[in-house]
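Please keep the sequence and the structure in view while reading.

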Amino acid sequence: MKEKKAFVFFNCDEEKSQTSMNIFYNSTIYSETKKARKELLAKVDEELKEGRIQVAAENKAKVDAAITEGNPADASQYITYGSIEAFTII
C-alpha cells in the first residue's frame, strides 16, 4: 500500500532551517488530491506575488509541475525564503 503524504508550505530563512519554519504561522496542511495541489499552488503564487518568497523566472514552470503533477516537496529547491515539506500520514 502506497503511503499517503501531506504537504505544508512554510515561509523560512534562506537556508531553510527548521527553526525558521513556524507551524503556527504556516498551519495549512495540503493532501495529495488535485484540489489540494491547486490550493497549494495558489498559496505559492500568492506568496510570490506578495514578495515573501522568490522563484527565478526560469524555474517557475518547474515549481508548478512539481506541485501539480510530481512531488510538491521537490519544488522547494527552486524557492527562496519558502519550503514545501512532506509528511507521511500514519
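On the face of helix 1 that is turned away from its buried side, the exposed residues are Lys34, Lys35, Lys38 and Lys49. The model discussed here is a predicted one. The buried residues of helix 1 are Ala36, Arg37, Leu40, Leu41, Val44 and Glu47, and because they cover an arc of only 140° around the axis, they lie on the same side of helix 1.

What do the buried residues of helix 1 pack against? Their partners are strand 1, strand 2, helix 2 (60-68) and strand 5 (82-88). The length of the helix can be checked as well: at 1.5 Å a residue, the 16 residues of helix 1 (residues 34-49) should span 22 Å, and the C-alpha atoms at its ends are 22 Å apart, which agrees. Just after helix 1 comes Gly51, which takes a positive phi of about 80°.

## Helix 2

In helix 2, the buried residues are Val63, Ala66 and Ile67. Seen down the axis of helix 2, these buried residues fall within an arc of 95°, so they line one face of the helix. The cover over them includes helix 1, strand 3 (54-55), strand 4 and strand 5.

## A buried asparagine in a loop

Asn26 is found in the loop between strand 1 (5-11) and strand 2 (29-30). Is this residue buried or exposed? With a relative accessible area of 5%, Asn26 counts as buried, because that value is under the 20% cut-off.

The side chain of Asn26 reaches the backbone nitrogen of Asn11 at 2.8 Å. If neighbours within four places in sequence are left aside, Asn26 is in contact with Val8, Phe9, Phe10 and Asn11.

Most residues other than glycine have a negative phi, which gives a background for the next two residues. Lys16, which is not a glycine, has a positive phi near 60°, and its place is in the loop between strand 1 and strand 2. With a relative accessible area of 23%, Lys16 is partly exposed.

Tyr81 also is not a glycine, yet it has a positive phi of about 70°. Tyr81 is found in the loop between strand 4 (79-80) and strand 5, and with a relative accessible area of 29% it is partly exposed.

## The whole chain

How many helices and strands does the protein have? There are two helices and five strands, and read along the sequence they follow the pattern β-β-α-β-α-β-β. The radius of gyration of the protein is 12 Å, close to the 12 Å that the globule rule gives for 90 residues, so the protein is as compact as a globular protein of that length. Taken along the principal axes, its C-alpha atoms fill a box of roughly 40 × 30 × 20 Å.

Of the 90 residues of the protein, 32% count as buried. Among the contacts with a separation of 6 or more, 59% are between residues 24 or more positions apart. The accessible surface of the protein comes to about 5800 Å², and 54% of that surface belongs to carbon and sulfur atoms.

Methods
Residues are numbered from 1 along each chain as its sequence is written. Side-chain values use heavy atoms; hydrogens and water are left out. Helices (H or I, at least four residues) and strands (E, at least two) are DSSP runs, numbered from the N terminus. Buried means under 20% relative accessible area, exposed over 50%, partly exposed in between (1.4 Å probe, protein chains only). A polar contact is a pair of N or O atoms within 3.5 Å; within protein, one must be able to donate a hydrogen and the other to accept it, and residues adjacent in sequence count only if both atoms are side-chain atoms. Contact means heavy atoms within 4.5 Å. The expected span of a helix is 1.5 Å times one less than its number of residues. The arc is that of the directions from the helix axis to the C-beta atoms. The radius of gyration is taken over C-alpha atoms; the globule rule is 2.2 Å times the number of residues to the power 0.38. Accessible areas come from the Shrake-Rupley method with a 1.4 Å probe; for residues, only the protein chains shown count as cover.
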